[in-house]
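Me: I would like to learn how to read the features of a protein model one at a time, with the general idea given before the particular case. Could you take me through the one shown here?

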Amino acid sequence: MFDFKDQVVIVTGSGSKRGIGRGIANMFAEAGANVIIADMNEQGCKDTVAEIKAAGYKADGFVLNIADEKSVNEFVKNVKDKYGKIDVLVNNAGITQRVTVHDMTLDDMKRVFNVNMFGTFLITKAVVEVMKEAKYGRIVSLSSVSAKRGGGVFGGAHYSASKAALLGFSKNLAREVAEYGITVNCVCPGAINTDIRKNMNGTEEDDIKLAQEIPMKRIGEVFEVAGPIVFLASKEAGYITGEDIDINGGLPHGLIQGISGKGKALRDKR
């Protein structure tokens, strides 16, 4: 089960070692996939590819700006020309910003949506055309617990809104492409143990407080997000589509923790 031998799997935003993307790419590689590392950071792409190859698995790297339509179309064409197909797309690339609505600007809102929603739309649209030809495909996008809770764990209102938009987009697309053997699903991680989240959450005391509000009394690990994504991307999950899976340790959807402090810096959530 869950054999990805000879499958071509794209994971966007997987060049950074600070988030979830690299862990997802590694798990697909271990399952036998030919993993395509796609990231704006060229050195990050090279590092992830080198790490996977050093472990004896297959990987290739491409520089990609998912918010730029020309970059996206060239990337998808290059992957199709080189490998002949695309079996799986994992939409992991994204950005966030910890800022209140009071301090948020329209440009802040546009920047977050340009990557998290519009960029995901661009690459998904391009990849779907390749998958339609093969009558097979798996698309898994990373939404967030913030999409359902209205924030409170990661990022501001614009981040929550962009991730909620991604849920609606995915559910609609799932119906459109089901007849082609393509499934479209989302995962909604809660608090996960990454460098990015640590930098945004503040102190170790803040982490302890957050963990106490989670029924499992701990923060999740990257592999606990990567595992469900690999399952949803597998042939065995072929009758699951249009779904969103919470990966949050039982965290209720009610609001618990507000945004503390003010921030302007955008950060990758990968």
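Predicted model: local features only at pLDDT ≥ 70, side-chain atom pairs only at ≥ 80, totals over all residues.

Me: How many helices and strands does the protein chain have?

Reply: Helices (H or I, at least four residues) and strands (E, at least two) are taken as DSSP runs and numbered from the N terminus. By that reading, the protein chain has nine helices and nine strands.

Me: What share of the residues is buried, and what share of the contacts joins residues at least 24 apart?

Reply: A residue is buried when its relative accessible area is under 20%, exposed when it is over 50%, and partly exposed in between, with a 1.4 Å probe and protein chains only. Of the 270 residues in the protein chain, 53% are buried. A contact means heavy atoms within 4.5 Å; among contacts between residues at least 6 apart in sequence, 79% join residues at least 24 apart.

Me: How many aromatic pairs are found in the whole structure?

Reply: Rings of Phe, Tyr and Trp (its six-membered ring) pair if their centres lie within 6.5 Å, and the planes decide the type: under 30 degrees apart is stacked, over 60 is edge-to-face, and the rest are tilted. The search of the whole structure finds five such pairs. In one of them, Phe-62 and Phe-75 have ring centres 5.6 Å apart and planes at 80°, so this pair is edge-to-face. The pair links distant parts of the chain, with Phe-62 in strand β3 (residues 58-63) and Phe-75 in helix α3 (residues 69-83), 13 residues apart. Both Phe-62 and Phe-75 are buried. Phe-121 and Phe-169 also form an edge-to-face pair, at 6.2 Å centre to centre with 85° between the planes. Because Phe-121 lies in helix α4 (residues 106-134) and Phe-169 in helix α6 (residues 157-177), this pair ties together parts that are 48 residues apart in sequence. Phe-121 is partly exposed at 34% relative accessibility, and Phe-169 is partly exposed at 23%.

Me: How many salt bridges does the whole structure hold?

Reply: A salt bridge is a side-chain nitrogen of Lys or Arg within 4 Å of a carboxyl oxygen of Asp or Glu, and the search finds twelve of them. One of these joins Asp-81 and Lys-77 at 2.7 Å, N to O; the two residues are four apart in helix α3 and therefore separated by about one helical turn. Asp-81 is exposed at 52% relative accessibility, and Lys-77 is exposed at 51%. Another salt bridge joins Lys-148 and Asp-246, with 2.7 Å from N to O. That pair links distant parts of the chain, since Lys-148 is in helix α5 (residues 145-149) and Asp-246 in strand β8 (residues 244-247), 98 residues apart. Lys-148, Lys-171, Asp-244 and Asp-246 are linked in a network of salt bridges.

Me: How many disulfides does the structure hold?

Reply: A disulfide is a covalent bond between the sulfur atoms of two cysteines; here the criterion is a pair of cysteine sulfur atoms within 2.5 Å. The structure holds zero disulfides. For Cys-186, the closest cysteine sulfur is in Cys-188, at 6.3 Å, which is too far for a bond. Cys-186 is buried at 1% relative accessibility, and Cys-45 is buried at 3%.

Me: Which residues form a nonpolar patch on the surface?

Reply: Patches are made of residues with over 30% relative accessible area and no salt bridge, where like charges are joined within 9 Å and nonpolar side chains (Val, Leu, Ile, Met, Phe, Trp, Tyr) within 5 Å. Accessible areas come from the Shrake-Rupley method with a 1.4 Å probe, and for residues only the protein chains shown count as cover. Met-1, Phe-2 and Phe-231 form the nonpolar patch, with about 320 Å² of accessible area together. Met-1 is exposed, with a relative accessible area of 75%.

Conventions
Residues numbered from 1 in each chain as written. Heavy atoms only, no water.
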